[in-house]
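Morning, everyone. I'll go through it piece by piece.

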Amino acid sequence: MPSLRMRSFLLALGFCLLGPEAAPAFCGFYVARADAKLFNDSSRVVLVRDGDRTVLTMANDFRGDPREFAMVIPVPTRIEREQIHVAEPALVDHLDAYTAPRLVEYFDGDPCLRPYPLAEQSLDAARKSAAPGEAGRRARSLGVTIEASYTVGEYDILILSAKRSRGLLRWLRENDYRIPDGAEPVVRSYLKQGMRFFVARVNLAEQERLGARFLRPLQVAYESPKFMLPIRLGTVNADGPQDLVLYALTRTGRVETTNYRTLKLPSDAELPLFVKGEFERFYRDMFAEQVRRESMRAVFLEYAWDMAWCDPCAADPLSPAELRELGVFWLEGGVAKGGRAPNVFVTRLHVRYDAEHFPEDLRFQETGDRTNFQGRYVLRHPWSGPMACAEGERYRRELAQRLERQATTLASLTGWDPTEIRARLGLDGEGSSDPEPWWRRLWTP
């Protein structure tokens, strides 16, 4: 049978929408993401909003035989056929992937050759190189030419030529390609022969475009001065808390709730390397811990960004055609250079709610704040080569302190047992040169 919660949600939607009252720097090598599919009993909603015009796209987590699904939307006023549309699930999947919290990694360089970590040395340059239009200029400044860019199947491919091997290697490293030490002589020999470079990386968004557990999303376009989303009736027959991920697409800037607190999730936290194999568990537990600390009375910001670019990219930005399919009606006739959509800002909000803690429907406002934010979690791989220098000895000492900080951070974010975390990191708990001050956790929930 269809979910009673789903029926109630749509029932509320019909009346409420149509009623008489109408960071530190970013970058890093992208590793994994925490998309909405990690959470059970979840719904995904896209709200496109400008002025009083709204296009709502609903993608819900009905599981079972599609023949048993029923959708009933009572409306108290006339709705034209052209105001209702059925979208492809891939549109919401792509938006979910693009905005998902992400895990990134850096690799420390040789401390005896240059300041470490290598990622911090080129962080600002890498961030700037990710912006549309600037990537080509940055490449040219290093003597690199991007001759062609393709997406073929699950691969993103670049054809590169270069004047200097050092410039080419630097551009590749700034754009998160791992290049082994000692590669320069080989690269230089190829450049002398007039060769170009075929560079490929996996496009995870294309790789994962097989199937979806969500039924095709239903879309409704309407006009109303109310910028809100009804959730109350959806809690009536629910058997526990539910998750809602909201993606708001606007012209001006970030969207926030007006009747509940909107909080940024902890971000840019440096974590132990073993989290790479447990990122889904980490993110579920981290989100649950933040919900607990706020007594399930907050809406969390997971992502806020200009749709024209991303850094690092958990998936490619949506194309103008995809955005128009989602209802971004102000794109008619114009796109930015490079084929990106101009003047579209995306906000991703995540809320876990029930009737007791969220007695009111969600009400929103569009702010003028276009500050970039993303839920971003960092792994730093230590240098493992020889370190026969004074800087190498200092690096070893600081590396032990880094592991202590990572263990403390992970335990604080997730509520995991600090003893188990430290054991997995090989920290025995007795020889720490920097024990945690007794007062650090005195007033921490």
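Start with strand 16, residues 345-353. Nine of its nine residues are buried, so the strand is largely enclosed by the rest of the structure. Buried means under 20% relative accessible area; exposed is over 50%, and partly exposed lies in between, with a 1.4 Å probe and protein chains only. Strands are DSSP runs of E of at least two residues, helices are runs of H or I of at least four, and both are numbered from the N terminus.

A word on the source: this is a predicted model, where local features need pLDDT of at least 70 and side-chain atom pairs count only at pLDDT 80 or more, while totals for chains, interfaces and linings use all residues. Residues are numbered from 1 along each chain as its sequence is written, and side-chain values use heavy atoms, leaving out hydrogens and water.

Back to strand 16. Which residues point which way? F345, T347, L349, V351 and Y353 point one way, and V346, R348, H350 and R352 point the other. All of them are buried.

Now its neighbours. Strand 11, residues 242-250, pairs with strand 16 in the antiparallel sense, over nine bridges. To count as paired, two strands need at least two bridges found by DSSP. A248 has T347 as its bridge partner in strand 16. Strand 15, residues 298-306, also pairs with strand 16 in the antiparallel sense, over six bridges. There, W305 has V346 as its partner.

Next, strand 5, residues 102-107. Five of its six residues are buried, so strand 5 too is largely enclosed by the rest of the structure. Strand 5 pairs with strand 19, residues 376-381, and here the sense is parallel, over six bridges. Look for Y106: R380 of strand 19 stands opposite.

The order is 10-17-12, and the pairing is antiparallel. Which strands stand at the edges? Strand 10 (228-229) and strand 12 (255-257) do; each has a single partner strand, so one side of each is left without a neighbour in the sheet. Strand 12 is joined to strand 17, residues 362-366, by three bridges. E256 stands opposite Q365 of strand 17.

On to the cores. A nonpolar core is a set of buried Ala, Val, Leu, Ile, Met, Phe, Trp, Tyr and Cys residues joined through side-chain atoms within 4.5 Å. The largest one here has 54 residues, and L271, F282 and L362 are among those with the most contacts inside it. Helix 9, residues 279-293, gives the most to this core: six residues. Apart from it lies another core, of 29 residues, including W309 and V344.

What does helix 9 pack against? Helix 11, residues 390-414, at an angle of about 60°, with the axes 7 Å apart. The axes are lines fitted to C-alpha atoms over the stretch in contact, and angles run from 0 to 180 degrees between N-to-C directions. The two helices are therefore oblique to each other. Under 35 degrees is roughly parallel, over 145 roughly antiparallel, 65 to 115 roughly perpendicular, and the rest oblique.

Last, I421, in helix 12, residues 418-424. Its relative accessibility is 3%, so I421 counts as buried. I421 touches F274, A407, L410, A411 and W416, leaving out residues up to four places away in sequence. A contact means heavy atoms within 4.5 Å.
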